[in-house]
Amino acid sequence: MSLKQVVRSQTFLLMLRLFVVRTGSRIPISKSRQFSSSFAQLILSQPSRESLRIPSFSARIKEDNALPPEPLTFQGRELPDFLIKINSPVGKELFKESLNQGYAEGYFNLSSCFSHQMEPSYCGLSSLSLVLNALQVKGAPVWKGPWRWWSDELVSCCSPIEEVKKNGTTFSQFACLAKCHCDVIVKRADHITKEEFIEDLKKVCSSSDTFMVISFSRQSLQQTGDGHFSPIGAYNIERNMALVLDVARFKYPPYFASVDLLFDAMQPLDKVTNLPRGYFILSSSPRRQAIRLCELSREENGDNVMVNWTTLGKTFCQEIPSQFQTKRPKTLEEVARIVLENPSLQSLRRYMLTDTDNLSAENDYLGTLLNNISKSPLYTIVRSIHHQSIQSEEPEMPLVDHTIAFATLFLLSSPSLMFSFLEPELAKKL
């Protein structure tokens with residue numbers, strides 16, 4: 001027995017004697033010694049703390065304060081075998097063939113300004129900004145310092161960026177975004193054939209100034225996630241495969257996919273809209289500026305109101321038709337007055353950015369359009385209502401007022417459902 005163990009045993013014996021004295025127990029001292037000796041042997045026969053691995057008090061504190069396990073993370077995903085990475089030997093061969101066939105003309109414009117999406121939900125914004133940079137569309141917002149660049153977080157129109165970050169972009173919202181910045185042809189999957197899709201692929205991939213963005217379901221390609229947008233970079237006519245330049249570069253690399261699979265991937269219904277997806281053909285003419293009739297902004301006032309498409313839809317499809325049904329207008333002037341004096345549209349006038357005061361009717365596309373609208377009989381009616389509302393005399397010369405022309409365009413482009421309660425002959429004049 002070691003000295004440490006003897007001292008421990010004797011200390012226990014002393015404590016036991018004190019216990020007997022204080023409690024008045026009648027246990028004989030010889031018995032206590034016998035008990036102490038037996039207890040000491042029991043102590044010596046027990047495994048050590050190290051062998052039992054009993055955590056110390058400080059270790060238990062550290063364990064209680066330990067951080068939760070880190071969330072599951074990924075560095076890229078593996079593509080299914082039937083999708084071919086462009087940097088694989090087979091992918092390189094497919095691209096060479098596409099290039100030799102003349103169906104990779106737009107690839108270099110896209111790849112020269114390619115950047116991945118900045119948020120998981122920005123695939124639509126990233127695809128559009130990539131194409132706008134490839135088209136070199138003028139009017140890009142200031143990115144950093146003196147530099148202008150179409151960046152996904154700066155492509156704002158139709159939907160607030162906070163909403164896009166939370167919910168992503170639907171097919172219709174992408175169409176709206178694209179129309180605000182360039183020329184776009186929208187093709188929903190349930191309105192096209194596979195042959196039409198292939199012909200559009202040939203047309204786009206043989207051009208360096210026209211591009212296609214496809215909206216499809218990832219699940220149909222056995223990828224993780226669901227709805228996604230990405231541009232098409234090339235087409236291989238012999239293999240009937242298209243190059244998808246996936247903007248989620250952190251997830252999947254660019255890959256060749258069968259055109260049959262891509263066509264099928266556009267068919268599943270979007271859970272948000274209950275409609276199939278499709279694709280867009282985007283181009284831009286330097287002589288023709290996109291008309292951003294839907295670009296809305298916040299008014300600098302106390303209530304900080306934002307006019308949105310839900311409000312406008314209710315106005316066009318419920319409020320104004322109900323007024324037509326109640327008031328039964330008989331002339332175009334009465335119809336125009338009901339529409340232009342609607343409280344919601346009066347509010348809209350404060351939020352919509354049209355830049356009508358800075359237009360040149362001779363050089364600007366929108367200015368030319370508004371100038372032509374001024375020749376419509378409805379323009380004269382709207383001008384009369386406008387001057388009555390501000391209690392001013394009409395000008396002697398029939399000058400084109402862009403604000404009045406825009407209001408006339410607003411009436412002419414209103415949905416037909418808004419005029420459903422008008423007399424048929426009156427509705428035909430609109």
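Why does Gln136 count as exposed? Gln136 counts as exposed because its relative accessibility is 62%; here exposed means over 50% relative accessible area, buried under 20% and partly exposed in between, with a 1.4 Å probe and protein chains only.

The legends below describe a predicted model, in which local features need pLDDT of at least 70 and side-chain atom pairs count only at pLDDT 80 or more, while totals for chains, interfaces and linings use all residues. Residues are numbered from 1 along each chain as its sequence is written, and side-chain values use heavy atoms, with hydrogens and water left out.

**Figure 1. The protein chain as a whole.**
The protein chain has 18 helices and nine strands. Helices (H or I, at least four residues) and strands (E, at least two) are DSSP runs, numbered from the N terminus. Of its 430 residues, 42% count as buried. Among contacts between residues at least 6 apart in sequence, 65% join residues at least 24 apart; contact means heavy atoms within 4.5 Å. The chain exposes about 25,500 Å², and carbon and sulfur atoms supply 53% of that area. Accessible areas come from the Shrake-Rupley method with a 1.4 Å probe, and for residues only the protein chains shown count as cover.

**Figure 2**
Seven strands form an open sheet with antiparallel pairing, in the order β1-β8-β7-β6-β5-β9-β4. β1 (84-85) and β4 (183-188) stand at the edges with a single partner strand each, so one side of each has no neighbour in the sheet. Helix α5 (residues 89-101) packs on the sheet and touches β1, β6 (227-236), β7 (241-244) and β8 (255-258). The direction of α5 makes about 65° with that of β6; axes are lines fitted to C-alpha atoms, for helices over the stretch in contact, and angles run from 0 to 180 degrees between N-to-C directions. Two strands are called paired if DSSP finds at least two bridges between them. Strands of a sheet pair through backbone hydrogen bonds, either parallel or antiparallel.

In strand β5 (residues 210-217), eight of eight residues are buried. Thr210, Met212, Ile214 and Phe216 point one way from β5, and Phe211, Val213, Ser215 and Ser217 point the other way. In a regular strand the side chains alternate between the two faces of the sheet. β5 pairs with β9 in the antiparallel sense over six bridges, and five bridges join β5 to β6, also antiparallel. Ser215 stands opposite Gly278 in β9 and opposite Phe229 in β6.

**Figure 2. The pairing of β4 with β9.**
Six bridges link β4 to strand β9 (residues 278-283) in the antiparallel sense. One of the pairs is Ile185 with its bridge partner in β9, Ile281.

β1 and β8 run antiparallel and are joined by two bridges; Ile84 has Phe256 as its bridge partner in β8. β7 and β8 pair in the antiparallel sense over four bridges, and the bridge partner of Val244 in β8 is Tyr255.

Trp143, Trp147 and Trp149 make a nonpolar surface patch of about 380 Å². Patches are made of residues with over 30% relative accessible area and no salt bridge, like charges being joined within 9 Å and nonpolar side chains (Val, Leu, Ile, Met, Phe, Trp, Tyr) within 5 Å. A salt bridge is a side-chain nitrogen of Lys or Arg within 4 Å of a carboxyl oxygen of Asp or Glu. Trp147 is in strand β3 (residues 147-148) and counts as exposed because its relative accessibility is 59%. Ser151 is in the loop between β3 and α8 (161-167); at 10% relative accessibility, Ser151 counts as buried. Leaving aside residues up to four places away in sequence, Ser151 touches Ser129 and Trp143.

**Figure 3. Three loop residues.**
Gln136 lies in the loop between α7 (123-135) and β2 (142-144). Gln136 has a positive phi of about 55° although it is not a glycine. Asn240, in the loop between β6 and β7, is a residue other than glycine with a positive phi near 55°. Asp401 is in the loop between α16 (377-389) and α17 (402-412), and at 27% relative accessibility Asp401 counts as partly exposed. The C-alpha atoms of Asp401 and Arg383 are separated by 8.4 Å, and the two residues are 18 residues apart along the chain.
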